[in-house]
Amino acid sequence: MTITSTPAWAALESHRQSVGKSHLKDLFASDPNRVESLSLTFDGILYDFSKQRMTSETLGLLASLAREARVSESTERMFAGERINISEGRSVLHVALRRSAGPFPGSQFDVMPEVIETRRRMAEFAERLRSGKCLGHKGMPIRDVVNIGIGGSDLGPKMMGQALRSLSHPALGVHYISNLDAAQLAPLLQTLDPRTTLFIVVSKTFTTQETMFNANTAREWLRANLGDELVSENHFAAVSSKPERAVEFGVSKDLVFPIWDWVGGRYSLWSAVGLALMVAIGPHAFDEMLRGAERMDEHFRTTPFERNLPVVMALIGIWNTNFLGATTNSVLPYNESLKYFPSFLQQLEMESNGKSVSIGGEALDYATSPIVWGELGNNGQHAFFQLLHQGGRLVPCDFIAAVRSDFPLPKHQEALLSNCFAQSAALAFGRNESEVRASLEKESLSPKEIADLLPHRVFAGNQPSSTMLLSSLNPGSLGSLVALYEHKVFVQGAVWGINSFDQWGVELGKAVANRILPAVYEPELAKMLDASTQGLLNFSRKHLK
């Protein structure tokens, strides 16, 4: 039985007939306590979802859906370390990475000794780098650290490093490389001193194509500049589940940090994958980030559904996707330091829940993950917001802002916040024909001019949005924020009945790329490929020469 055949789903379908088409103006007018009943607070975070096209009754019905989907049971199975990633036979224990004590998940299967020991080694190495005691070529202190990874081995630490850049070490540069396109790595290498540069190679298998291409290029760059005097172990660290491969590459065994099969890449920020981040912000701030995530874990695990931030956020997404028919969700941070957050969420949400087959292998007849996209909100106002306001498409939005600036300048933050609040209000309430007419009449326009302009200045409104306000961009609140979105994805996967922790679509692309690469060099091998790919290869070979 799928979730669509449950009484809770049927009740929501019936409810949608009466509420789903209501205008937000009317919903606010009919309920003076709407903001109080449709907003939540947690540990310096305000989540206002009063501008969603729903009511308190909707929330109650959605909570019933979560109960019918047995979300609590799924949550306990994850926290107990059961192998809920059934297609790969793995536990899902990223929550262990931010635990402050053990045993966890239980005395028979306790991962905490390894987690805590790895965290200790990370902190020791990060402090050596930050204090100038980690030495590169001929005893020169390391001044630049380059994280080489892709996907979860890049997006999480890069996003959080940008978000917490106000805490960055003043004299130690931390950089991130992920793209196979040399246009990312080559310009960076031009700015670095090989004598004082250390690379952190992050790859679970130590075979990831993009990562190993870039790592090999980095090693050749060091050899070209330092020659026979190169001591490779002074310039590399690694994060991998295959330490022997890292050592074979040239990394000291003492600088190989483990990652375990119960940590998925897009959930790995909290592990040794976050080593470059710890180097940038320091072990203390990294630990505060872990504590913020741990507090969100406990909130998620213990709070009733109607007051549970991850559950409520997940259920709102299900309401918008499965009952109101939205196909996308826009993430709009109003903080420059959060500019990578939409990209991070794209991987977290779409790689996790972009599935059309249930956990039992049956084809689904309902939508799962929406298309997640976004941009810095203030920039988006002068680009795609036109479509949000007048494009006629339903696009739910997440507005995210910090009340206090991490780089304060007089009056900037007040102007930024006013824009954030104004856009969510304008999207919700719009401007009807009578309001536009009254405004145009004040401009002393003729009746014909008013009639001509009127249809262009009407805004339908009724675009649903939520606003997430953080007191500031500090490690604790950001740790909570990321854990909140992680658990949102988990809850949605549990309701939709899918496995949020595998990514076979990613694996397919890797496999096909590995088949095509030899054909770039050997034309005869291309004959085994499809006609379109052969044509693309022919053109590419001609111009590569």
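The place of a charge is NZ of Lys, CZ of Arg, CG of Asp or CD of Glu. On that basis the chain has 52 positive and 57 negative side chains, and the centres of the two sets lie 2 Å apart.

Now the ground rules. This is a predicted model, in which local features need pLDDT of at least 70 and side-chain atom pairs count only at pLDDT 80 or more, while totals for chains, interfaces and linings use all residues. Residues are numbered from 1 along each chain as its sequence is written, and side-chain values use heavy atoms, leaving out hydrogens and water.

The overall picture comes next. There are 22 helices and 11 strands in the chain; these are DSSP runs numbered from the N terminus, helices being H or I with at least four residues and strands being E with at least two. The chain is as compact as a globular protein of 545 residues, because its radius of gyration is 26 Å, close to the 24 Å from the globule rule. That radius is taken over C-alpha atoms, and the rule is 2.2 Å times the number of residues to the power 0.38. Along its principal axes the C-alpha trace spans about 80 × 60 × 60 Å.

Of the 545 residues, 53% are buried. Buried means under 20% relative accessible area, exposed over 50%, and partly exposed in between, with a 1.4 Å probe and protein chains only. Contacts are heavy atoms within 4.5 Å. Among contacts in the chain with a separation of 6 or more, 74% are between residues 24 or more positions apart.

Let me turn to strand E11, residues 465–470. Six of its six residues are buried. Ser465, Thr467 and Leu469 point one way, and Ser466, Met468 and Leu470 point the other way.

Which strands pair with E11? Pairing here requires at least two DSSP bridges between the strands. Leu469 of E11 is the bridge partner of Leu46, and Ala401 also stands opposite Leu469.

E2 in turn pairs with strand E1, residues 39–42, antiparallel over four bridges. Leu46 in E2 is the bridge partner of Thr41. The hairpin of E1 and E2 has two residues between the strands, and Asp43 there takes a positive phi near 50 degrees.

Back to the loop between helix H19 (447–453) and E11, where Gln463 sits. Gln463 counts as buried because its relative accessibility is 5%. Leaving aside residues up to four places away in sequence, Gln463 touches Leu24, Lys51, Leu388, Arg393, Leu394, Val395, Leu427 and Ala428. Asn462 is in that loop between H19 and E11 too. It has a positive phi of about 65 degrees although it is not a glycine, and at a relative accessible area of 10% Asn462 is buried.

Last, some backbone points. Lys138, in the loop between H6 and strand E3 (144–148), is not a glycine but has a positive phi of about 55 degrees. Is Lys138 buried or exposed? Its relative accessibility is 63%, so Lys138 counts as exposed. A cis peptide bond joins Gly102 and Pro103, with omega about 0 degrees. The bond from Phe104 to Pro105 is cis as well, omega near 0 degrees.

Definitions and conventions
Lys, Arg positive; Asp, Glu negative; His and termini not counted.
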